[in-house]
Amino acid sequence: MEETEKELAVDATLDNLVAVLGFVESEAEKAGCPKKETKQLAVAIEELYVNVASYAYMPATGICIVKLQTGVESDTGGWIRILLKDHGKKFNPLLQEPPDISLSADDRPVGGLGILMVKELVDRLEYMYENGENILSVEKHWQ
Amino acid sequence: MEMTVNKNGAELTMKLSGRLDTLAAPSMTEKLDELLADGVSKFVLDMGDCDYVASSGLRAIISAQKKMNSLQGTMIVKNVIGDVMEVFDMTGFSDILTFE
């Protein structure tokens, strides 16, 4: 089966969110990912990238590498896998305590929803720490 | 994202166009902090042209809801499109917001 692999390296800053999402969305589109799934993937990558940009290197800055692989599964079906890598502080965002989403507006803390959304929006989500790098792997499939 | 604001007496309407993402959410909160405190008893958030909401956007929305609750006013969210409603569903926001 046909597979492609591309990579983008950016300074992990909030300003580069637009560049990261532009890369992810245009590659997803090229791979045939439908609009709805592309947007879900973009929201998921936004959440994970913003975490890296906000915390990984604080108070300094560093590089975030976005590695993107796509593949074909059938006439219309396919998949995309995105690895977000940084060599900042070791941190597994997937271990965060999930927020209680049954609370009323007044009782709810305003944050903590990002990772919950990522888990819902993608088909596979993994964290690894290898050779001093935090690696988040996200996978999305379509029919 | 574009925010169009219309104030009619004690009723404030904000229409969002584009993406309510991490870059846009702080300016929405900032704008609402200023506008809602100025005698607003009903706040209408029109999301008909908003097709993308990140968690930072949800934060801005819940902050507005909390603010309206503290002002003993009402907040209505209207014209929400399907993809955005899915995000509200998965985060429990469908239960705490009032839709029209």
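A: **Chain B and its surroundings**

Among the contacts in chain B between residues at least 6 apart in sequence, 70% join residues that are at least 24 apart, where two residues are in contact if their C-beta atoms, placed from the backbone, lie within 7 Å. The model is a predicted one, in which local features need pLDDT of at least 70 and side-chain atom pairs count only at pLDDT 80 or more, while totals for chains, interfaces and linings use all residues. Residues are numbered from 1 along each chain as its sequence is written, and chains are lettered from A and ligands numbered from 1 in the order in which they are written.

Chain B contains four helices and four strands, these being DSSP runs numbered from the N terminus (helices H or I, at least four residues; strands E, at least two). Followed from the N terminus, its elements come in the order β-β-α-β-α-β-α-α. The radius of gyration of chain B, taken over C-alpha atoms, is 12 Å, close to the 13 Å that the globule rule gives for 100 residues, so chain B is as compact as a globular protein of that length; the globule rule is 2.2 Å times the number of residues to the power 0.38. Its C-alpha atoms fill a box of roughly 30 × 25 × 20 Å along the principal axes, and 40% of the 100 residues count as buried. A residue is buried if 20 or more other C-beta atoms lie within 10 Å of its own, exposed if 12 or fewer do, and partly exposed in between, with C-beta atoms placed from the backbone.

The four strands of chain B form an open sheet in the order β1-β2-β3-β4, with mixed pairing; two strands pair if DSSP finds at least two bridges between them. At the edges are β1 (2-8) and β4 (74-78) of chain B, each of which pairs on one side only, and neighbouring strands of the sheet are turned by 15° against each other on average, direction ignored. Strand β1(B) pairs with β2 (residues 11-20) of chain B in the antiparallel sense, over seven bridges, and M3(B) has L16(B) in β2(B) as its bridge partner. Helix α2 (residues 55-70) of chain B lies across β2, β3 (42-53) and β4 of chain B, running at about 170° to β3(B); axes here are lines fitted to C-alpha atoms, for helices over the stretch in contact, and angles run from 0 to 180 degrees between N-to-C directions.

Beyond strand β4 there is a local detail to notice. N79(B), found in the loop between β4 and α3 (82-90) of chain B, has a positive phi of about 60° although it is not a glycine. Most residues other than glycine have a negative phi, and most peptide bonds are trans. With 16 C-beta neighbours inside 10 Å, N79(B) counts as partly exposed.

Turning to the other chain, 21 residues of chain A are in contact with 19 residues of chain B. On the side of chain A that touches chain B, α2 (35-56) and α3 (114-121) of chain A each supply at least two residues, and α2(A) gives the most, with six residues. The residues of this side divide into ten nonpolar, four polar and seven charged, where Ala, Val, Leu, Ile, Met, Phe, Trp, Tyr, Cys and Pro count as nonpolar, Asp, Glu, Lys and Arg as charged, and the others, Gly among them, as polar.

The largest nonpolar core has 65 residues, of which A44(A), I45(A), L48(A), Y49(A), L20(B) and A64(B) touch the most other members; such a core is a set of buried Ala, Val, Leu, Ile, Met, Phe, Trp, Tyr and Cys residues joined through C-beta atoms within 7 Å. Helix α2(A) gives the most to this core, with eleven residues. Leaving aside residues up to four places away in sequence, A44(A) touches V118(A), L121(A), V122(A) and V138(A).
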